[in-house]
Each structure stands twice: as structure tokens, then as C-alpha cells.
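Me: I have a model open and would like to understand the words used to describe it. Could we go through them together?

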Amino acid sequence: MIVQSKRENNKKENQAQILEAARYCFLEHGFESVTIRDVIRRTNLASGTFYNYYKDKESLLRAVVAEPLQKMNQELREVRKNSTDTDDFIYNAYHTLFLVVAGYPDEYRIILRNEPAVRGLIAEEIFGIPMKDLKNDLTRAAKKGLIPKTDTDFLAAAFYGTGYEMIRVLVERKNFDIAKAASFAAQVFLKGILS
């Protein structure tokens, strides 16, 4: 059994305090308005402690949203790869997306509240990588006959845009039915609003 030293425990606790304070500040006041001093004031740490963990405010924002974005990308790749039919591909992707969002509601509220900063700082992580993965998955799904062969760029944009904008609505509601939201997105995507 590995026993962590008191110093290692203190480092983890300090980092957790900084992250929690940053979540609050970015959510309540917005990335542009928040200073490192504002974040540290919400902890019981000395101001210089911040720089033991983060280079700047931008690296702190990345740390706040990194875990949910990585989890989302990983789980979406997996569920799309394992889909066996069109309905499964569409529904399970949206269900997985909304499930991840439900597990990290504040982080997704932070992303949406600070969208210009997020786009400027971590566009690749939130827009580039997921969109590239989605295009690759759509291409594979078309080759397997799960979806019709079509313009992958348009299809990926429509698929991604629907999910992204539904996330905006869902996190504002705070409590939502994941299965109902996924069913709605899948129905609109597969059958349109008239079905």
C-alpha cells in the first residue's frame, strides 16, 4: 500500500481549493472579470501559492474544464464506435453527451458563460478534437451502412450544433431528464419535427 506524505496531501488539498474557488469565480463573475487574486481570496491560501500549481488564469480555466471535456470526448468515441444501427448511433451519442453534462453541470455552465474566452483558449479541446472525432465516426458509420453517405462536414456541424445548443438549455434547467432530452434530439435528427 502506498501512503501519501503529508506534503502530497497538502498539495492536493491546495489544488482542490484553488479549483473550487475558480469554479465559483468563473461561474459567478466570468473569466474576463476574475483575477487570480479573486480566486485566491476564496481560499485560505497565501497569494503566491497559486503559482505552485498554475502558470496563469488561462491554465486555471483549462484545468477547470479539462476533465469533463476529456470524459466527453472519450465516451462519445466509444459509444459511436460500438453502435450497431442508425438509431443506436444517434440516440446513444446524445444520451452519452447529456449524461456527461449532468455529471459536470457547473463546468459546462462555466464553458457556456465564458464562451468567448473558452473559444480563444481551448477551442481545439472543445471544438476541434470533438468535431474531428465526430467526422471520423460519421465516416466510419457511413461505411458500415449505419447512416447514409452524405456531406460529413454538414452532418457533423448539424449533429454537434444540436448537442451544443441543447447543453445550453439543459444546464440552465439544472434538473433534466437525460433520456427524454436524448430522445428528443434523436427524433429531431432522424425524423424531423413533424413526426
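Reply: Gladly! Let's start with residue classes: Ala, Val, Leu, Ile, Met, Phe, Trp, Tyr, Cys and Pro count as nonpolar, Asp, Glu, Lys and Arg as charged, and the others, Gly among them, as polar. Sorted that way, the lining of the largest cavity has 15 nonpolar, 2 polar and 1 charged residues. Please keep in mind that this is a predicted model.

Me: What makes a space in this protein a cavity, and how many cavities of 30 Å³ or more are there?

Reply: A space is called a cavity because a 1.4 Å probe fits there but cannot get out. By this rule there is 1 cavity of 30 Å³ or more. The volume of the largest cavity is about 230 Å³.

Me: Which residues lie nearest the centre of the largest cavity, and which helices supply its lining?

Reply: Of the 18 lining residues, Met72, Leu76, Leu97, Tyr160 and Ile167 lie nearest the centre. At least two lining residues come from each of α3 (57–81), α4 (86–103), α5 (105–113), α6 (115–143) and α7 (152–173). The largest share, 5 residues, is the contribution of α7.

Me: What is the overall make-up of the protein, in helices and strands?

Reply: The protein has 8 helices and 0 strands. Read from the N terminus, the order is α-α-α-α-α-α-α-α. Along the principal axes, the C-alpha atoms fill a box of roughly 60 × 40 × 30 Å.

Me: Why are α7 and α8 called roughly antiparallel?

Reply: Helix α8 covers residues 178–191, and its angle with α7 is about 150 degrees, with the axes 11 Å apart. Angles over 145 degrees count as roughly antiparallel, and therefore α7 and α8 are described as roughly antiparallel to each other. Their crossing is right-handed. On the α7 side the contact involves Leu155, Ala158, Phe159, Thr162, Met166 and Leu170, while α8 brings Ala181, Phe184, Ala185 and Phe189. Sorted by class, this contact of α7 with α8 has 9 nonpolar, 1 polar and no charged residues.

Me: Which residues of α3 and α5 meet, and what makes one of them charged?

Reply: From α3 there are Leu61, Val64, Val65, Pro68, Leu69 and Met72, and they meet Glu107, Tyr108, Ile110 and Ile111 of α5. The contact of α3 with α5 has 9 nonpolar, no polar and 1 charged residues. Glu belongs to the charged class, so Glu107 of α5 is the charged one.

Me: Why is the other space called a pocket, and what lines the largest pocket?

Reply: A pocket is so called because it is an open set of points, whereas a probe in a cavity cannot get out. The largest pocket has a volume of about 160 Å³. Its lining is made up of Met166, Val169, Leu170, Arg173, Phe176, Asp177, Lys180, Ala181 and Phe184. The elements giving two or more residues to this lining are α7 and α8, and the largest share, 4 residues, comes from α7.

Notes:
Residues numbered from 1 in each chain as written. Predicted model: local features only at pLDDT ≥ 70, side-chain atom pairs only at ≥ 80, totals over all residues. Heavy atoms only, no water. 1 Å grid on protein atoms, 1.4 Å probe; cavity = no way out; pocket = protein on both sides within 12 Å on 5 of 7 lines; lining within 4 Å. Points joined across faces, edges and corners; volume = space filled by probe spheres on them. Axes fitted to C-alpha atoms, helices over the stretch in contact; angles between N-to-C directions. Parallel < 35°, antiparallel > 145°, perpendicular 65-115°, else oblique. Left-handed = near helix turned anticlockwise from the far one by under 90°. Contact = heavy atoms within 4.5 Å.
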